[in-house]
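Work through these exercises with the structure open beside you. Try each task before you read its solution.

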Amino acid sequence: MSLRDLFAFALAAVLQNRRRSALSLLGVVIGVIAVLSLTAIGEGALRYVTNQFASLGSSIVSVTPGRNETTGGLPQGGGGAPNDLTLRDAVVLERRIPAVRSAIPVSISTEAVSFRERARRAPIAGTTADFERLQQLELAMGRFLPESEVDRGASVVVLGHALARELFDEANPLGATIRIGSWRMRVIGVLQARGQQLGIDVDEVAFIPVASGMRMANKRSVHRIMLDLWPRSDQSEVIARVKELLIERHDEEDFTCVSQDAVVESLSSILGILTLVVAGIASVSLAVAGIGIMNVMLVSVSERRAEVGLLKAVGANPRQILAIFLLEAALLSSAGGLLGLVVGTVLVHLGNLSYPAVEIVPPVWAVGAVLALSLGTGIVFGVLPAWRAARLDPVAALQGN
Amino acid sequence: MIRVEDLWRTYVMGDTELHALRGVSETIGDGEYVAIIGPSGSGKSTLLNVLGCLDSPDRGRYSLAGEDVAGLDEDALAETRLRRIGFIFQSFHLVPRLSALQNVEMPMIFAGIPPAERRARAKASLDAVGLSDRESHRPNELSGGQKQRVAIARATVMDPGVLLCDEPTGNLDSRSGAQVLDLLAELHEGGRTVIVVTHDPSVARRADRVVVMRDGGILKRVPGRDVVDLGSLFEPGAAPGEDAPSVEEAREA
């Protein structure tokens, strides 16, 4: 029996009972859509995060106060820092490590910001002039924080785009004096709209010199020192040097130093594992679909007992009968797989149209895996019915009982 | 030549054992036209199934064209059915989704015969039963007689030496039945061994030889032309062919 004949024979049988075939492959379609869209969302999240970090600049090493035991884990955010990380530390790191182009301290606090009768609470970032280059900030008007000694404060502020809008509407904020907490600050610049970045809306932030920020929050420690490295620097060497210098200054390792790459890497691997887990859960639905196919094939075999008996009578051997029914199951499931792929792709597309911020894309491996899985499902769950058909007693089968 | 010796076939149904064949022995020569007649439950269909390699005897010997068939495995049995035996059933057993031509082609698919040759042979076979104008019809578009003729075309397309027919006219009106019997006679004249299982004396009458079965054994053997009616066949002493006692009777005596 040639492969072509086998195919034609099985296909004719599948098409004979169209409605039942369609219903049985519906399960596979749904399973495939589930796997496809969930992995697409996972992949989309991964790309989103990676892009966000890339926009922060890639060759960054950051130092945060407090020991983070998990190597490569997320750097700690504000608050709860057990030990100080001082402006002096930043200066030392910049001066003593040649690969460091600049060490940029950042302090974060939240204060009431007001201009005349308008007031709101806004995040205040204390930092230095180099932050502009590091974050590739673009100014809508005025200029960013001036170059100066890190420990020298100044009563100047650069406003995020949305914050400027809220305080000044269409009026020109440059040169105006606003109140931040109990301080009076002169606006020297406004940033261009930038949008969300890793959950922080840069447009809402007011940037002031780091020394002012620390005095305002009454803190001795910065939240983070970001090390902007020269291109092609060895990040791990820099991290080792940072540790050496800071341990020398603090007498203990009371800080965490990670490279942006490590953060991206660990986030990626977390998201990758999540995607796999979710895909695994979704593929359970494919197994359920396989049981549906098995059920339909069992019904089909018992309905077509007389036909199986005839096939045996005219000289088909058990292997040929097994192949026919196995191929029928495989045809059903792979048709479901292809249909699911088409519908899933359309759905992913619609998802992208309705929520463009995170572009979701089904990963290539998932497309391949989904097709292989659906085909495999048909074959695995087709074995039992096909085996039954092949083992049927021809005499009983021909009598139809 | 078909030779069976001391065939036993027992079906177990719950507690009861049904002896479908009780030590049947028979020899059918090449090119013979034999009818097996008997009431239902006489074991005639079981004998036909064993002869057709669809069923295996519990005991006994069966040689087909000099080959011991009883010892063959399933694949070899399938191969034997494919090459040497053609089946014709009471209920036709055509595959409903396939056209007449495709139904006739089917055995050749399993034999791995290439499509072009298959098509040509199937057409010739359909032509031989007078249905060349019904090639593309589905079984549900054919009359009973036409269906059985398609089945005959299918049974003969692999050119087997033996045709086994189980009540071939059982579902047909008398005119279609006669057509089918004429075809069988034609095939017999072409040199094939034709074995027909029936309970209809008018069908049995067309055979060279009639084997009368009862209770899983062979009661007697009579020439086909001597068959008058069922009753006379089973009346001991009254029926012609008394001179040809069955093996069993000889043994019991």
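Helices and strands here are DSSP runs, numbered from the N terminus; a helix has at least four residues and a strand at least two. The model is predicted.

**Exercise 1. Two loop residues of chain A**

Task: Find where Arg232(A) lies, and decide whether Arg232(A) is buried or exposed.

Solution. 
- Step 1: Locate Arg232(A). It sits in the loop between β11 (224-229) and α7 of chain A.
- Step 2: Count neighbours. Arg232(A) has 7 C-beta neighbours inside 10 Å, so Arg232(A) counts as exposed.
- Step 3: Check the backbone. Most residues other than glycine have a negative phi. Arg232(A) is not a glycine, yet its phi is positive, about 65 degrees.

**Exercise 2. A helix pair in chain A**

Task: Describe how α3(A) and α7(A) cross, and list the residues that make the contact.

Solution. 
- Step 1: Know what to look for. Two packed helices are described by the angle between their axes and the distance between the axes.
- Step 2: Read both values. The axes of α3 (residues 87-96) and α7 (residues 235-250) of chain A come within 11 Å and cross at roughly 135 degrees.
- Step 3: Name the arrangement. Roughly antiparallel needs an angle over 145 degrees, and roughly perpendicular needs 65 to 115. α3(A) and α7(A) are therefore oblique to each other. The crossing is right-handed.
- Step 4: List the residues. α3(A) brings Asp89(A), Val92(A), Leu93(A) and Arg96(A), while α7(A) brings Val242(A), Leu245(A), Leu246(A) and Arg249(A).
- Step 5: Sort them. Five are nonpolar, none is polar and three are charged.

**Exercise 3. A helix pair in chain B**

Task: Which term describes the arrangement of α3(B) and α5(B)?

Solution. 
- Step 1: Take the angle and distance. α3 (residues 100-110) and α5 (residues 144-156) of chain B pack at about 30 degrees, with axes 7 Å apart.
- Step 2: Apply the cut-off. Angles under 35 degrees count as roughly parallel. That makes α3(B) roughly parallel to α5(B). This crossing is right-handed.
- Step 3: Name the contact. α3(B) supplies Ala100(B), Asn103(B), Val104(B), Met106(B) and Pro107(B), and α5(B) supplies Val150(B), Ala153(B) and Arg154(B). These divide into six nonpolar, one polar and one charged.

**Exercise 4. Chain B as a whole**

Task: What does the radius of gyration say about chain B? How many residues of α1(B) are buried?

Solution. 
- Step 1: Count elements. Chain B has nine helices and 10 strands.
- Step 2: Compare with the globule rule. The radius of gyration is 18 Å, close to the 18 Å that the rule gives for 253 residues, so chain B is as compact as a globular protein of that length.
- Step 3: Check burial. Of those 253 residues, 46% count as buried.
- Step 4: Zoom in on α1 (residues 44-51) of chain B. Eight of its eight residues are buried. Among them are Lys44(B), Leu47(B) and Asn49(B). Just after α1(B), Cys53(B) takes a positive phi of about 60 degrees.

How values were computed. Residues are numbered from 1 along each chain as its sequence is written. Chains are lettered from A and ligands numbered from 1 in the order in which they are written. This is a predicted model: local features need pLDDT of at least 70, side-chain atom pairs count only at pLDDT 80 or more; totals for chains, interfaces and linings use all residues. Axes are lines fitted to C-alpha atoms, for helices over the stretch in contact, and angles run from 0 to 180 degrees between N-to-C directions. A crossing is left-handed if the near helix is turned anticlockwise from the far one by less than a right angle, and right-handed if clockwise. Two residues are in contact if their C-beta atoms, placed from the backbone, lie within 7 Å. Ala, Val, Leu, Ile, Met, Phe, Trp, Tyr, Cys and Pro count as nonpolar, Asp, Glu, Lys and Arg as charged, and the others, Gly among them, as polar. The radius of gyration is taken over C-alpha atoms; the globule rule is 2.2 Å times the number of residues to the power 0.38. A residue is buried if 20 or more other C-beta atoms lie within 10 Å of its own, exposed if 12 or fewer, and partly exposed in between; C-beta atoms are placed from the backbone.
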